[in-house]
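Here is a protein chain to study through a few questions and answers. Please look at the sequence and the structure before reading on.

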Amino acid sequence: MPTDLPCVVTDCTNNIAEEAKYLVGVGRADCTGPVAQVPLMGYANPNQVGGGLLSRLYSRAFIVAEPKGSKRVVFVSADIGMVSQRVRLEVLKRLRSKYGELYRRDNVILSGTHTHSGPGGYFQYTLFWITSKGLVQPALSSIVNGIVKSIDIAHENMKRGRLFINRGTVENSQINRSPFSYLANPESERNRYSSNTDKEMVLLKMVDEDGHELGLISWFAVHPVSMNNSNHLVNSDNVGYASYLFEQEKNKGMLPGEGSFVAAFASSNLGDVSPNTRGPFCANTGESCDNPQSSCPVGGAAMCMAKGPGNDMFESTRIIGQNIYLKAKELYEKASQEVTGALSSAHQWVNMSNVAVELNATHTVKTCKPALGHSFAAGTIDGVGAFNFTQGSVEGDPFWDQIRDQLLGEPSNETKACHKPKPILFNTGEMSRPHPWHPDIVDVQIAAIGSLAILAVPGEFTTMSGRRLREAVKSEFDSHGTPGMNVVIAGLCNVYTHYITTYEEYQVQRYEAASTIYGPHTLSAYIQLYRGLAKAINATQELSPGPEPPLFNVTSVTLLPSLGTESAPAKKTFGDVLEEVRQEYQEREVAKVTFVGANPRNSAENATQHNFLTVERYSNISSSWRVVLNDASWDTRFYWSKGSRGQSNVSIEWHIPAGTEPGVYRLRYFGHYKKRLSFLRVITVPFEGSSSAFHITAP
């Protein structure tokens, strides 16, 4: 192997005769960031800005290493919408400065869970600035710091361990939200599968050499959109709730977010997969809108919304999350197939706007400069778009095309022809002010841990796209002497490039196809590229590193309101109670208190470890208060509402679960406010508040 490729392909041999014992490390770190005023990332709805906290966001890191060599693989699953190129490049830079060449672009996979309820603003490409109010440095820093810290913790906790793999079917937790696109795939292909979604969960269990439990990674395809676009509370959605349940069970007696056991519920080929299992209904009439345009007779596409299994989005999140958790628990307990063999990884940067794809011996096609179609603006049944756009648009609209031409410029004939039948709404590949609107240089990556191959994909593959990719890579491994590989797709990795549909689904031009930014042959290009990575891992093909992506010289460009000085109402101070709790509650009731508050962004920007709230129980034995819940609990809710003249309120709710121990409790609030000392000097002052004590009585 040439000496100039050490970081691109590592240890490309899989024929180890004896069982390998690995070194295994796990780590978890907070990556929540600002919970107020920052637009949430996922639905592209500028009105959906943070206004509080339902659950904390975490980065979960897993390191597997060969005990007697330098070969290692890092997998990170972070509770964020997706990993951006900016996040990836900054994380790799930090790792290089700390660990040298130990953690590199080829052996570090960064994957986002795809929650749509985390802060945005961590992108360097212009398109994502529009709904995120620019590049929000506190959000970016929180994510980068959290990912690096989780890797640091995993690195420090490495110990001899064993890995086990299991797989099983998850029922009643997903539907295909673009079934009419799926039906465009060949019938012979569809007949090979029992469902139009991938119901299989793949689970990797980690224990130390004494059998003590360390953690798990689960890969399962479902959109974390149980919380809809009317939500303003930062949270990790259904897969985050599954992590919470598993970690709470294994870290007995610990507060949420604490304890050594780490459970990641990572994303997979979720492109067309919704958790809103009751399907799409017209919000105004209640009738089904499960049609090719996802449109209602009155109100059009804007009225067609899917419903989850619960009575509201909070209950739906818990139902789907619990379904996923229960299957993972079953697979974890029964996991007996040990993962053994060498570690290897392959990575390449590729200019995805210009990949030549050999379809067969006589036909070569190309990918396109990035562009989004009209149906992109229609949104999905999980989060509808704006104006009168509908899914399935294969012709442009003269009105919108004219506005586009005047504001953004007309797409070139070459780009129009390349993307057919997509009518182009945003020709992002030809827009470069103030920075390019979309990435050209994209990461493709595979990491193999013995018999497990993780395909790190830079976007959202649909169900059938994922099946084709897995099958192609598996056949590549089979034909090069490593049969029986467990091939999993890890979604939303390394750089975000929207969706990847099949060629046939692309012709239908629903939302996922309109968002397949590199044109109709995107999937074929990725299959070709990932086959190349598999060949490299099997030492049958060398890889060039590819063109390095840019890191734009921008630190903070934001339209967020600045953090000014704040004030309390007359005769009140920060942390004073405005609305008190009741004296008595029973389980399944909601204890609520409202305080004189301050902007939560003050806390995110001034404290590395900050809890906005605690639920505390009085102990008669020690005559003291003991914290029983923190703001990472799914039973608490933290709401911030901005008033006038620099004033704001904070409300804390505790949704008292069944089985809560009777006793005396209180709710506490911790915040920071800005105070002006002089014309040039403003300081941040911590404060706290507490409700009165209240009783929870036995039912």
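Helices (H or I, at least four residues) and strands (E, at least two) are DSSP runs, numbered from the N terminus, and two strands pair if DSSP finds at least two bridges between them. This is a predicted model, in which local features need pLDDT of at least 70 and side-chain atom pairs count only at pLDDT 80 or more, while totals for chains, interfaces and linings use all residues. Residues are numbered from 1 along each chain as its sequence is written, and side-chain values use heavy atoms, with hydrogens and water left out.

Q: Which are the edge strands of the open sheet of 7 strands?
A: Strands of a sheet pair through backbone hydrogen bonds, either parallel or antiparallel. In this open sheet the pairing is antiparallel, and the order is β8-β3-β4-β37-β38-β34-β32. An edge strand pairs on one side only, and that describes β8 (118-119) and β32 (577-579).

Q: Which residue in β38 stands opposite tryptophan 640?
A: Strand β37 covers residues 636-642 and strand β38 covers residues 648-655, and the two pair in the antiparallel sense over 7 bridges. Opposite tryptophan 640 stands a residue of β38, namely valine 650.

Q: Where do the residues of the UniProt feature "binding site" gather, in terms of the lining they belong to?
A: The record, an unreviewed entry, places this feature at His114, His223, Glu460 and Tyr499; such annotations may be inferred rather than shown by experiment, feature names are shortened, and positions are given in the numbering used here. They span 386 residues in sequence, yet no two of their C-alpha atoms are more than 12.7 Å apart, so they gather at one spot. A pocket is found on a 1 Å grid over the protein atoms alone, as an open set of points where a 1.4 Å probe fits, with protein on both sides within 12 Å along at least five of seven lines, and its lining residues have an atom within 4 Å of a point. His114, His223, Glu460 and Tyr499 are included in the lining of the largest pocket.

Q: Is histidine 114 buried or exposed?
A: Histidine 114 lies in the loop between β7 (108-112) and β8. Buried means under 20% relative accessible area, exposed over 50%, and partly exposed in between (1.4 Å probe, protein chains only). With 2% relative accessibility, histidine 114 counts as buried.

Q: With which side chain does the side chain of tyrosine 499 make a polar contact?
A: Tyrosine 499 is found in strand β30 (residues 499-500), and its relative accessible area of 4% makes it buried. A polar contact is a pair of N or O atoms within 3.5 Å, where within protein one must be able to donate a hydrogen and the other to accept it, and residues adjacent in sequence count only if both atoms are side-chain atoms. At 2.7 Å, the partner is the side chain of arginine 177.

Q: How many residues apart in sequence are the parts that glutamate 512 and arginine 177 tie together?
A: These two form a salt bridge (a side-chain nitrogen of Lys or Arg within 4 Å of a carboxyl oxygen of Asp or Glu), with the closest N and O atoms 2.9 Å apart. Glutamate 512 lies in helix α12 (residues 511-514) and arginine 177 in the loop between β11 (175-176) and α4 (179-182), so the pair ties together parts whose separation in sequence is 335 residues.
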